[in-house]
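Subject: Structure handover

Dear colleague,

Here is the structure we spoke of, with notes below it. Please read them with the structure open.

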Amino acid sequence: MTITYQFRIATTTVGGFFKLLLLWKGSVYKLLFKETIIFAFLYAVISVTYRVGLTKDQRSSFESTVIYLNRYTSLIPVSFVLGFYVSLVVNRWWQQFKNVPWPDRTLFTASCYIRDTSEDGRIIRRTIARYMMFAFILIMRAVSNAVMKRYPTMEHIVDAGFITATELEEYESVNCKYNKFWVPLMWTSSVLAEAHESGQLQSEFGLRLIMEQLADYRDKCSACWIYDWITIPLVYTQVVTIAVYTYFVACIIGRQFLDPTANYDGYEYDLYVPVFTFLQFFFYMGWLKVAEQLINPFGEDDDDFDINWLIDRHMAVSHNNSSFPFEDLVL
Amino acid sequence: MTITYQFRIATTTVGGFFKLLLLWKGSVYKLLFKETIIFAFLYAVISVTYRVGLTKDQRSSFESTVIYLNRYTSLIPVSFVLGFYVSLVVNRWWQQFKNVPWPDRTLFTASCYIRDTSEDGRIIRRTIARYMMFAFILIMRAVSNAVMKRYPTMEHIVDAGFITATELEEYESVNCKYNKFWVPLMWTSSVLAEAHESGQLQSEFGLRLIMEQLADYRDKCSACWIYDWITIPLVYTQVVTIAVYTYFVACIIGRQFLDPTANYDGYEYDLYVPVFTFLQFFFYMGWLKVAEQLINPFGEDDDDFDINWLIDRHMAVSHNNSSFPFEDLVL
Amino acid sequence: MTITYQFRIATTTVGGFFKLLLLWKGSVYKLLFKETIIFAFLYAVISVTYRVGLTKDQRSSFESTVIYLNRYTSLIPVSFVLGFYVSLVVNRWWQQFKNVPWPDRTLFTASCYIRDTSEDGRIIRRTIARYMMFAFILIMRAVSNAVMKRYPTMEHIVDAGFITATELEEYESVNCKYNKFWVPLMWTSSVLAEAHESGQLQSEFGLRLIMEQLADYRDKCSACWIYDWITIPLVYTQVVTIAVYTYFVACIIGRQFLDPTANYDGYEYDLYVPVFTFLQFFFYMGWLKVAEQLINPFGEDDDDFDINWLIDRHMAVSHNNSSFPFEDLVL
Amino acid sequence: MTITYQFRIATTTVGGFFKLLLLWKGSVYKLLFKETIIFAFLYAVISVTYRVGLTKDQRSSFESTVIYLNRYTSLIPVSFVLGFYVSLVVNRWWQQFKNVPWPDRTLFTASCYIRDTSEDGRIIRRTIARYMMFAFILIMRAVSNAVMKRYPTMEHIVDAGFITATELEEYESVNCKYNKFWVPLMWTSSVLAEAHESGQLQSEFGLRLIMEQLADYRDKCSACWIYDWITIPLVYTQVVTIAVYTYFVACIIGRQFLDPTANYDGYEYDLYVPVFTFLQFFFYMGWLKVAEQLINPFGEDDDDFDINWLIDRHMAVSHNNSSFPFEDLVL
Amino acid sequence: MTITYQFRIATTTVGGFFKLLLLWKGSVYKLLFKETIIFAFLYAVISVTYRVGLTKDQRSSFESTVIYLNRYTSLIPVSFVLGFYVSLVVNRWWQQFKNVPWPDRTLFTASCYIRDTSEDGRIIRRTIARYMMFAFILIMRAVSNAVMKRYPTMEHIVDAGFITATELEEYESVNCKYNKFWVPLMWTSSVLAEAHESGQLQSEFGLRLIMEQLADYRDKCSACWIYDWITIPLVYTQVVTIAVYTYFVACIIGRQFLDPTANYDGYEYDLYVPVFTFLQFFFYMGWLKVAEQLINPFGEDDDDFDINWLIDRHMAVSHNNSSFPFEDLVL
């Protein structure tokens with residue numbers, strides 16, 4: 001579920017964002033503590049080996065390596081490449097969310113033009129809502145593990161009441177090996193066309209307006225699927241990952257404290273714990289984790305889009321929309 | 001309330017932005033003076049301790065720490081990460097403002113097509129305006145503390161004249177646990193449909209045009225709520241905050257002046273007050289404050305969007321729109 | 001007036017942009033020469049004082065300060081923060097210009113559907129143009145000093161022929177304390193509705209199309225006003241200004257040449273004039289001036305949008321549009 | 001074919017992106033291993049020559065060159081220019097994909113308004129689909145090698161069933177030396193107009209809606225072709241390439257280890273293999289490869305858009321759309 | 001003419017972009033070789049003077065200057081400012097191209113609704129095309145030298161067959177001192193309105209659809225002109241130019257090799273030719289040339305938009321559109 005924290009910082013106060021550092025759920029600590037332990041362990045192993053386990057010659061050549069690596073870590077532009085890469089990922093993540101389809105607009109328009117308050121009108125409005133939700137779930141099963149888990153088979157969708165068993169048969173009779181999310185939307189357009197013929201949706205203007213919204217909805221379903229198909233090129237992600245990982249592999253050795261008595265320049269003090277290297281680790285790995293979490297926003301991370309919640313919300317609002325008590329309204 | 005300062009710099013002059021440094025309201029000084037005092041206090045405590053309270057050995061190991069920390073503060077890319085992060089926040093902040101719904105366009109269109117100047121026409125136009133404002137307040141109560149304070153209960157909204165007690169009952173009879181801002185918009189669409197049937201809004205073209213604007217309005221209400229729901233991932237904000245805060249924690253120690261007689265390289269002078277460290281503090285913390293202030297633009301900071309002002313403005317303009325004296329107009 | 005210089009560099013040649021350095025109007029020299037003189041004067045005063053006015057002890061502590069400041073100027077990321085800030089300002093500046101309303105599209109559409117070439121048709125078209133221009137001027141008076149100077153009172157607008165005295169009365173009878181630019185646009189919509197009733201604008205399609213354009217025009221007027229209301233947060237501008245100004249205050253002292261005989265490292269030569277510091281001053285202050293000039297694009301700088309010119313242009317084109325000699329056209 | 005890898009990182013885990021480093025297809029290793037071998041070979045040749053093949057004087061002047069080059073490699077802002085350039089390319093790449101036309105929306109709308117389920121209706125819908133696919137292939141042949149290989153001649157398109165031989169004649173009789181993708185779209189509009197006349201597409205609203213979608217489709221076809229015509233200016237690509245290549249040419253020499261006994265500052269150790277230089281090579285060349293791969297997204301790289309797959313998909317969906325069994329649907 | 005090179009790099013190969021370095025047309029070499037010669041010449045003059053023409057004292061103070069300048073060149077953030085500036089220019093350049101009007105969409109829509117295949121219908125379609133092309137040329141003459149050269153006077157436009165001599169008179173009788181590109185578009189709207197009255201364009205829907213496209217076309221014409229009017233502020237261009245130029249003026253002196261026997265730190269070797277300074281020159285000046293070439297994309301550079309080619313293309317396609325043999329089409 002998305003972590004909402006804006007309300008905690010509605011007003012700028014002393015410390016401000018400091019409060020946010022104390023959160024655990026969805027936090028950088030939760031995401032990173034395992035990696036940090038591994039990193040610290042490796043650093044410690046090498047540190048101890050250097051201090052107690054090497055002969056004088058080994059120490060000397062180890063020291064050469066440390067100095068070499070330390071000098072050259074500064075040549076890896078980690079912050080630069082992360083800045084650009086995370087910008088790209090964050091941007092894409094938001095685009096992706098904006099393309100999650102909401103049936104609201106279509107149903108809102110439909111309820112203005114299909115106003116029959118008898119059971120007939122209600123059925124039409126409800127059928128439209130059902131089919132649109134079905135399309136939504138078909139797409140979301142393709143891109144989100146969480147939704148796939150909720151509706152692992154078509155039968156689960158029938159059980160949830162989105163379609164009837166007959167409609168499922170109809171759906172499965174369509175022979176197309178590609179994602180068939182558009183089938184229920186074809187049905188929806190059919191329902192609209194028939195409602196127009198039967199007079200339930202008399203207005204040509206209304207039909208056209210609803211069709212436009214429906215086509216937009218369909219486009220957004222497509223878009224969800226496309227964003228899943230065309231990802232940020234693997235090469236880019238690999239390049240960034242390599243940069244960050246080699247940086248820290250180099251740091252495990254290159255940031256070791258050397259024996260102050262060996263008189264290496266810049267190694268006058270032995271502080272045992274390289275506080276800053278850990279902070280850097282936290283900082284750069286955290287930045288990379290931002291990308292990792294956002295590159296697939298439909299997963300089950302703490303901060304991923306909660307599509308199952310959205311399905312519930314869409315169901316509730318659709319239901320209300322289609323059975324809205326117009327007749328009760330007295331101006 | 002938003003701080004408007006453009007008029008002060010309409011023309012580029014000597015000093016230019018210098019004038020802006022003298023403002024207090026909404027200024028970086030106002031936002032930062034408490035933090036600055038805390039920072040200065042901690043720095044002073046350590047400085048004094050070092051100078052008068054340590055034994056020779058303690059001084060020596062303190063000096064090692066200072067030198068270590070000072071060298072490594074340069075490894076934290078504070079300016080880099082702030083640059084990218086603040087870009088993201090500022091961008092989002094402006095998007096958020098652009099999605100604040102304005103009823104103007106809908107009402108403007110309505111007043112062109114619903115032209116009856118008798119009381120009947122006026123009531124229709126006014127009802128549309130009332131319902132739209134009600135939806136606006138429902139959304140804004142969810143995202144803005146200031147609006148919630150103004151209308152803490154539904155009764156306050158009734159008292160303010162946006163809806164009648166009967167309408168409130170109607171509203172509360174809708175059974176949906178999610179934000180119900182769309183209920184009054186359903187009513188609005190009903191009013192339009194009825195006005196079409198009753199002939200007050202004869203034109204099919206008009207109905208469709210107004211419905212489109214209304215659907216846009218509804219979308220913007222949704223968008224406001226979505227921006228509040230899906231925030232910038234907590235991890236990112238934490239990473240940035242950690243970077244800035246650890247930088248200054250490190251500076252409190254690492255920027256201490258050392259005893260010039262100890263002959264450390266680069267510590268030949270003792271200036272007592274680290275002017276530049278304070279400037280840096282001001283500068284980087286100020287940059288972070290920009291993010292802190294903008295990440296929740298509906299709060300009560302000096303520079304937040306003044307939604308209550310906007311409500312008043314919308315009320316005034318809506319009222320004028322709905323009771324516009326068309327009949328007085330003589331070409 | 002905007003400085004147009006593209007034609008000077010239509011083709012890439014030797015020197016290329018070099019030619020642009022010779023321009024004075026709207027140039028960085030014109031904007032900066034006063035600041036440069038002040039900066040140079042302060043630098044010179046301190047330089048002379050150091051060289052002739054200080055005792056040996058004073059010189060020594062002055063030298064400490066110079067070395068300290070010089071080392072730490074590099075800690076202020078001026079180029080970084082300016083890069084991001086100016087990007088934001090330039091982007092906003094262009095958005096602002098794109099939101100300046102042009103009546104052309106509305107009038108163009110109107111002239112296709114309201115085709116009566118008699119005096120009656122002409123009056124309708126001209127009235128639409130007049131009212132739209134009136135709304136434009138009302139908004140522009142609020143955001144631009146130049147327009148306010150041209151039309152300081154409502155009477156000036158009447159004198160310029162945009163509205164009649166009767167219309168002004170009508171306008172002033174509307175009781176609303178917020179900007180009333182929308183009043184003439186309400187009139188316009190009324191004129192259209194009446195033209196539809198009277199048969200001058202027979203087509204429902206036409207009415208709707210023109211109304212849509214008019215609503216867009218209204219939105220752009222709003223947008224102009226909003227951009228003036230919600231500016232880049234003061235904190236951000238202050239942070240950037242503080243960064244640049246403190247940088248150069250530090251440079252006035254920190255970039256002084258020290259006595260070569262004192263043997264400070266890196267101070268072996270005394271060149272008297274710090275050419276590069278001046279170049280930096282020019283460069284960074286120039287970059288800041290870009291922001292200063294663009295943050296309020298409706299001012300009276302050399303490079304600001306020339307709204308008065310645009311008013312003249314709109315008037316000429318509107319006039320031609322409304323009295324277009326359709327009848328003369330022979331295919 | 002596009003490499004899809006999001007599903008591998010649906011949830012943030014320990015190691016996270018690390019898993020991605022093990023992929024070969026579409027990976028940076030696959031793209032770079034040849035270049036790496038060349039680079040390593042050249043480095044080794046020079047290294048061996050220096051160690052065994054030079055006289056003392058030659059060694060000395062070689063060492064001067066190494067030191068000079070090593071100092072100045074830091075002056076080439078490779079990461080900076082790559083950051084901006086790759087941002088531009090990635091952005092453009094995504095725009096390009098978004099402009100790949102999908103016939104879905106047009107066909108979806110058509111199937112709502114052309115509902116005749118007899119053979120006549122089916123033929124109309126199928127003809128529309130055929131012509132739209134033909135236009136798509138005509139454009140894609142111009143921009144993608146892969147499509148050109150699949151349909152090297154017009155006859156292949158006839159054989160694939162998109163057009164008949166008669167239609168091909170018709171197509172070739174149009175005398176225009178520019179890309180004629182718009183010819184089949186003119187046919188489509190003709191089919192629609194005739195369907196309107198014959199009553200198969202009775203609704204004026206429908207005709208207009210479909211025509212709008214078709215015009216959008218046509219625009220996207222144009223856009224594909226324009227993106228192919230107007231590329232990122234050659235100068236920019238050359239500048240970036242020169243920066244990266246000269247950097248590594250300089251590294252081949254400048255990163256050689258010098259004889260530690262010669263006592264050059266910073267050359268105290270001879271590690272033989274310049275691990276970091278190779279990492280840098282991998283990193284920067286990988287970043288450049290991202291650009292190289294995306295600058296022409298319609299090629300046949302592992303990570304290019306798979307247009308042939310898209311053609312198959314469009315064909316399947318179009319076919320289903322046009323012969324949708326509306327009659328089977330029972331509400 | 002635009003340099004198309006994507007096809008050369010359709011597939012990522014060894015060397016990849018390397019092939020592009022061998023192109024001459026539109027290349028950075030072609031753009032820069034003159035500047036490079038000047039730069040090399042000046043460098044050489046100073047180098048020779050230093051080596052043979054100075055007294056010992058002069059050499060000494062020259063050496064001071066060299067060391068001072070060399071140290072401070074690093075203070076000019078050339079890569080930073082170029083990165084941001086070129087981003088802005090490239091973005092604007094692409095926006096500008098996207099706003100070049102294409103008559104296709106309007107004519108495509110027109111050909112669907114105006115289907116009379118007799119001479120009458122053809123004349124209407126052709127007149128629309130002619131007038132639109134005339135407007136296009138009027139705008140393009142204002143922004144592009146190349147088009148101005150092709151049609152230096154109105155008579156050339158008449159000769160090219162876009163308008164008749166009578167139409168030219170009509171055009172010139174419109175009294176407006178601003179760019180009159182909108183006059184032929186007014187004619188076009190008139191033609192459409194008359195075609196509607198005469199029954200050639202019976203459908204109200206069609207008229208409205210075509211009018212909308214035409215209004216978009218008009219807007220794009222405006223946009224072209226606006227982009228030419230409001231350029232990137234001169235100050236910004238000057239600041240960037242000053243930064244780059246002063247950098248290289250400083251390099252001419254500051255990158256001189258000093259006499260190794262003088263024992264200056266970092267001047268131990270005399271390589272005579274400052275290879276890296278030349279690479280930097282190439283690189284930064286090349287980056288600036290990117291901006292120079294794109295800031296006015298309608299010029300006559302190798303890589304500018306080829307508007308004359310576009311005019312030919314528009315003519316050919318328009319002609320085909322208006323005389324499309326609808327009658328030949330047999331389904």
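How many of the 26 residues of H10(E) are buried? The count is 22, so H10(E) is mostly covered; buried means under 20% relative accessible area, exposed over 50% and partly exposed in between, with a 1.4 Å probe and protein chains only.

Before the rest, some ground rules. This is a predicted model, in which local features need pLDDT of at least 70 and side-chain atom pairs count only at pLDDT 80 or more, while totals for chains, interfaces and linings use all residues. Residues are numbered from 1 along each chain as its sequence is written, chains are lettered from A and ligands numbered from 1 in the order in which they are written, and side-chain values use heavy atoms, with hydrogens and water left out.

Helix H10 of chain E

This helix covers residues 204–229 of chain E. Helices are DSSP runs (H or I, at least four residues), numbered from the N terminus. From first C-alpha to last, H10(E) reaches 37 Å, close to the 38 Å expected; the expected span is 1.5 Å times one less than the number of residues. At its N-terminal end, H10(E) is capped by E:Ser203, which has a side-chain oxygen 3.0 Å from the backbone nitrogen of E:Phe205.

Salt bridges

Side chains of opposite charge can pair when their charged atoms come close. A salt bridge here is a side-chain nitrogen of Lys or Arg within 4 Å of a carboxyl oxygen of Asp or Glu. Over all chains, the count comes to 65.

Within chain A, A:Arg208 and A:Glu212 form one of them, at 2.7 Å from N to O. The two are separated by about one helical turn, because they are four residues apart in helix H10 of chain A. Both A:Arg208 and A:Glu212 are buried.

A salt bridge also links A:Arg218 and D:Asp104, at 2.7 Å from N to O. This pair crosses between chains, from helix H10 of chain A to helix H4 (residues 104–113) of chain D. A:Arg218 and D:Asp104 are both buried.

C:Glu212 and E:Arg208 meet at 3.0 Å, N to O. C:Glu212 lies in helix H10 of chain C and E:Arg208 in helix H10 of chain E, so this pair joins two chains. C:Glu212 and E:Arg208 are buried. Through shared partners, salt bridges join A:Arg208, A:Glu212, B:Arg208, B:Glu212, C:Arg208, C:Glu212, D:Arg208, D:Glu212, E:Arg208 and E:Glu212 into one network.

Domains

Chain A is divided into domain 1 (25–97 + 234–294) and domain 2 (102–230 + 311–322), with bounds from an automatic or database domain assignment. Their C-alpha centres lie 50 Å apart.

Regards

Methods
A polar contact is a pair of N or O atoms within 3.5 Å; within protein, one must be able to donate a hydrogen and the other to accept it, and residues adjacent in sequence count only if both atoms are side-chain atoms.
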